[in-house]
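Visitor: I am new to this structure. Please walk me through it.

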Amino acid sequence: MGILASIVFFIKQSIIQGIPLLYGSTGEIITEKSGNLNLGIPGIMYMGGISGVIGGYFYERSTDNPNAFLAIFITFMSAIVGSALLALIYSFLTITLHANQNVTGLTLTTFGVGIGNFFGGSLTKLFGEGGSISLMFTGNAFKATLPFASKLGLFGELFLSYGFLAYLAVIIAIISSIILTKTRVGLNLRAVGENPATADAAGINVTLYKYVATCIGGAIAGLGGLYFIMDYTGGSWTNGGFGDRGWLAIALVIFALWKPKHSIWGSFLFGGLYIVYLYIPGLGRSSQEIFKMLPYVVTLVVLVLTSMRKKREYQPPESLGTTYFREER
Amino acid sequence: MTNNAVKHSEPLLRVSKRAEVVWWKGWIIRGISIVLALIACAFIIVLLTGQNPIEVYGALIKGSFGSSRKVWIMLQNLAMLLCVSLAVTPAFKMRFWNIGAEGQVLMGCLATSVCMIYLGDKLPIGLLIPIMLIASVLAGVIWAVIPAIFNANWKTNETLFTLMMNYVATQLVAFCIVFWENPLGSNTVGVINSSTQGGWLPVIFGQKYLLNILVVAALTVGLYIYLKYSKQGYEISVVGESVNTAKYVGINVKKVIIRTMAISGAICGVAGLLLVSGTDHTISTTTVGGMGFTAIMVSWLAKFNPALMTLTSFLIVFLDRGASEIATAFRLNESVADILTGVILFFIIGSEFFVNYKLNLRKKHNQGNLSASAKEGK
């Protein structure tokens, strides 16, 4: 492989690693813009993955000649519904029942990871088959690329060699960015996150905004789990395989300064940092572990620098992490 | 007519904050929520396995009280969880959301391991234990004070900062494990000084875990007194209630934040010492096993009261041990324990609402009552 080809290969791998982070961070940004710090995102991403797997499993079992479009549709919808459901639990507890956001989010992560690993590990056993789950057909459907992509050389390799979920991640991030900055809905949402009492006084339905933002955010984050399971691993579940990517997505929110458009390149950078130790020749195992620290250290540096610079647009939403109760001001 | 208008302007269900809850009423509400949670859990298990729910509850209790060995393990887990919960409490009382206890304890573990590995066979145990204590406390303090300094000076978001520090700590441990691995290539450290037992905390009265339990008991009493009766404890409460009030009465808020986080980190360091030197005699990236996060729950449920925390950490450990027992007894994947714990915690978290808030139904013809409840809501 020439130098150029290996660079292209590395960038491609970084993007592949970055896509789940992009989904996760876009979802979390939308959630945090409403003032909800959802630390349940790692659990929600597991949930998105396993819901998709469950949907795909039942579809592949139910028919002898599966249809690629239907397989994608069913897994996609299951992932969205599953992860939005978890986000709904979070919303109900924190918004309606005024529960502490940190406590609820961390519990949600335990719960979601538990569900993922439980059903991932024993779904086949529960239905009397045994063995590990492998949804080859659905996985391949998700991995499908444009037919001429492989003929376009490095250009095709770099830009056209991904499954549709990768492009969807970028599109969702761009749309979110536009909605947040250019529309009234986005303005209202940011108002809710900055100062819910003022937003409430201005006639914005704070509860509704928080609920909808958290659930949509959860659904988007869940797609990150789905991408990982269906596209990256090709439809086979390994317990704990998703690793700490959920936390990395939360780190990326800080790195992107709560702006989805920065998430796009940030996620590819984080994806690169996540795997760069594999590509540096002559690294011992010990130095590899140090390199794996990079995304977190970079995030810490950004967090510190932005808090020192005190620029208004770089700060987290003002009311982030606090619950809003109208009668308590 | 006016009466009619009033009726319609008031929503069917109105939420107001309770002025003060009689303590036993609060615990009745929490008790009901746990019962409901257990019913929900049994429902899930029955759905998954088709077993008799009574057997499920039997297994739940057997997890903690099935044998004297299980009781000791339960007490040990209780002590460790309580220790980490004590550690996060002073900071939480100050409304400093330290979710980095996981990393702070892990750094304590790391410091202890360093002492055990490099000094374990060279120094007498009477000298080594103080050194290990100082090292682990120092490690915990450093890891906790870094975010505190940034938060105190530049208001850097402490939740996110401490969260990131966890992973830096994890990778540091992974880095060290490569050097210490035994046997070679296993990527685990194995039991440190297994033959000489150098640097192991002594076993007292023939019970392996007794020393840990006593240390944590002493810490609990100490922290209770510190928070409730000392001037510093009072300062923590004031900063937690309102930073502006604290500034107004002349409290140096920066100093309180950093000092309190140092205390949190120090207790985390002790927890690390107990985990490595007193319990596992080895270290891995998962030595703390999520306790840093569960501790947040324990502390929050107990309203940051160290005495009540013994109760809430017992509750969590009991449920956790029971859930694993259920998993083994019904040959389910062990992750079912996480699901059950999650469900139970959701119920408990939800119940706090009914402890702190009151639901007021719209009254039909009673204006006197209406204004009374409006007053209460204030």
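Visitor: How do you know that helix 14 of chain A spans close to what is expected?

Guide: The model is predicted: local features need pLDDT of at least 70, side-chain atom pairs count only at pLDDT 80 or more, and totals for chains, interfaces and linings use all residues. Residues are numbered from 1 along each chain as its sequence is written, and chains are lettered from A and ligands numbered from 1 in the order in which they are written. Helices are DSSP runs (H or I, at least four residues), numbered from the N terminus. The expected span is 1.5 Å times one less than the number of residues. Helix 14 of chain A has 16 residues and reaches 22 Å from first C-alpha to last, close to the expected 22 Å.

Visitor: Which residues of helix 14 of chain A are called buried?

Guide: Buried means 20 or more other C-beta atoms within 10 Å of the residue's own; exposed means 12 or fewer; partly exposed lies in between; C-beta atoms are placed from the backbone. The buried ones include A:Tyr296, A:Leu300 and A:Leu303.

Visitor: Why are the buried residues of helix 14 of chain A said to line one face?

Guide: The arc is taken from the directions from helix axis to C-beta atoms. Here the buried residues fall within 140 degrees, so they line one face. The face turned away carries exposed A:Val301, A:Leu305 and A:Arg309.

Visitor: What do the buried residues of helix 14 of chain A pack against?

Guide: Contact means C-beta atoms, placed from the backbone, within 7 Å. Their partners are helix 11 and helix 12 (260-275) of chain A, with helix 6 (125-154) and helix 7 (158-180) of chain B.

Visitor: How many residues does each chain bring to the contact?

Guide: Chain A brings 44 residues and chain B 40 residues. Helix 4 of chain A gives the most to its side, with 15 residues.

How values were computed
Contact = placed C-beta atoms within 7 Å. Helix = DSSP H or I, 4+ residues; strand = E, 2+ residues; numbered from the N terminus.
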